[in-house]
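Here is a short briefing on one protein model. Look at the structure first, then read the points in order.

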Amino acid sequence: MTVERVASAGRVASAGRIEAAEGVSAVDGVEGVQERLRRWRLVLGGEAADGTGQALTGRDAEMDRALSALYGKPDRPRTGRDRAAGLGASAPSVARWLGDIRSYFPSSVVQIMQRDAIDRLGLASLLLEPEMLEAVEADVHLVGTLLSLNKAMPETTKETARAVVRKVVEDLEKRLATRTRATLTGALDRSARISRPRHHDIDWNRTIAANLKHYLPEHRTIVPERLIGYGRAAQSVKKEVILCIDQSGSMAASVVYASVFGAVLASMRTISTRLVVFDTAVADLTDQLDDPVDVLFGTQLGGGTDINRALAYCQSQITRPAETVVVLISDLYEGGIRDEMLKRVAAMKGAGVQFVALLALSDEGAPAYDREHAAALAALGAPAFACTPDLFPEVMAAAIEKRPLPVPESV
């Protein structure tokens, strides 16, 4: 068993994902032993001392060669044109390899291997070539990488890059838009209470709570003197939503998701949406919200972070504090004036603004973040937590209705 293969976390993770994606189940007897040896052989890479004694043929051998090209050597510092493993430095060889892995492995595994190729072998620069972009499996992480390369991207590549980004954005909109609109429309309707509701508009929970003193024990019932109902929000009734997005390099996936959600919110007549991105400077991209691809190419991933400056700008745009939701999406590594940042949050909340602090808006799990700043925000009544795209509509609905946010238990 070679130390290099075992140390290759990427290979082990990929092989594990392959098994899960293919739905391989445990079997008993000789067949089960052979299957376990096959799996370990794919994980370990087949060096002389891997201990499996298993030979691979056919499709398994092709899969193994594709894995070996990426995970054949351990991670090591690269100098000059030096590259690990067997992909080489040319776009054609990498493009062929990308085609191979798309034919052998499911999409979820391909995406992992692509990210590993970029991280382990330094292949990001090859994404500047149109042939490469046409061969990759598009996902949120790839979009983040492309956005970070935006300034270095030649004109001949930008059209292909926009097509790749647009495909991912459209897929995300299909997955997220309907549920988001339905959830927030319901929240907007419930936030407009009326005192003379029709029967089907009565909010029974609030009506019962408001009339408990009119309970008649002998009849075991309540005679309500006041009905509370859900109002149907008029088209002119709007909530103001300001998305304030940290565009530092670590927030790439969050920028992608926030841009998509921004476009969805902007499509709702009952919500006025503003989208602000920042590093050490602040850019208002609200006028591009009709096309999230334009928003994404208007960002500039990387650089420093000045949350205080960004919040100062957002604060200046608030005209109806009691009807405004400000969503800060940042890992909270503040490069500006910390105390001023906290004062601005306190001032906005004091004026009636619903302030939401998200450490990330992605499926990537728990992010790295500034715990001291997160604790300071929590002390102001603004708990900071990581949010998945699936949870985001519920978070926004709670903010619109001014009820406690659905903070994940792990926070």
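The largest nonpolar core has 86 residues. A nonpolar core is a set of buried Ala, Val, Leu, Ile, Met, Phe, Trp, Tyr and Cys residues joined through side-chain atoms within 4.5 Å. Buried means under 20% relative accessible area, exposed means over 50%, and partly exposed lies in between (1.4 Å probe, protein chains only). The model is predicted: local features need pLDDT of at least 70 and side-chain atom pairs count only at pLDDT 80 or more, while totals for chains, interfaces and linings use all residues. Residues are numbered from 1 along each chain as its sequence is written, and side-chain values use heavy atoms, with hydrogens and water left out.

**Cores**

- In the largest core, Trp97, Phe105, Met113, Leu127, Val327 and Phe392 touch the most other members.
- Helix H9 (residues 155-191) gives this core its largest share, 10 residues.
- Helices (H or I, at least four residues) and strands (E, at least two) are DSSP runs, numbered from the N terminus.
- Another core, of 25 residues, lies apart from the largest one. Its members include Leu311, Val326, Met341 and Val353.
- In soluble globular proteins, nonpolar side chains tend to be buried together.

**The whole protein**

- The protein has 16 helices and 10 strands.
- Of its 411 residues, 47% are buried.
- Take the contacts with a separation of 6 or more: residues 24 or more positions apart account for 74% of them. Contact means heavy atoms within 4.5 Å.

**Helix H11 and its partners**

- H9 packs with helix H11 (residues 252-266) at an angle of about 50°, and their axes are 9 Å apart. Axes are lines fitted to C-alpha atoms, for helices over the stretch in contact, and angles run from 0 to 180 degrees between N-to-C directions.
- H9 and H11 are therefore oblique to each other. Angles under 35 degrees count as roughly parallel, over 145 as roughly antiparallel, 65 to 115 as roughly perpendicular and the rest as oblique.
- The crossing of H9 and H11 is right-handed. That term applies if the near helix is turned clockwise from the far one by less than a right angle, and left-handed applies if anticlockwise.
- On the H9 side, the contact residues include Val169, Leu172 and Arg175. On the H11 side, they include Val256, Tyr257 and Phe261.
- This contact of H9 with H11 has 12 nonpolar residues, one polar and three charged. Ala, Val, Leu, Ile, Met, Phe, Trp, Tyr, Cys and Pro count as nonpolar, Asp, Glu, Lys and Arg as charged, and the others, Gly among them, as polar.
- Helix H8 (residues 140-148) also meets H11: their axes come within 8 Å and cross at roughly 105°. H8 and H11 are therefore roughly perpendicular to each other.
- Val140, Val143, Gly144 and Leu147 of H8 touch Ala252, Ala253, Val256 and Tyr257 of H11.

- Lys239 lies in strand E5 (residues 239-246). Lys239 is buried, with a relative accessible area of 8%.
- Beyond neighbours within four places in sequence, the contacts of Lys239 include Leu188, Glu323 and Lys402.
- Leu332 has a positive phi of about 70°, although it is not a glycine. Leu332 sits in the loop between strand E8 (324-329) and helix H14 (338-350), and is buried at 1% relative accessibility.
- Lys402 also has a positive phi, near 60°. Lys402 is in the segment after helix H16 (392-401), and is partly exposed at 44% relative accessibility.
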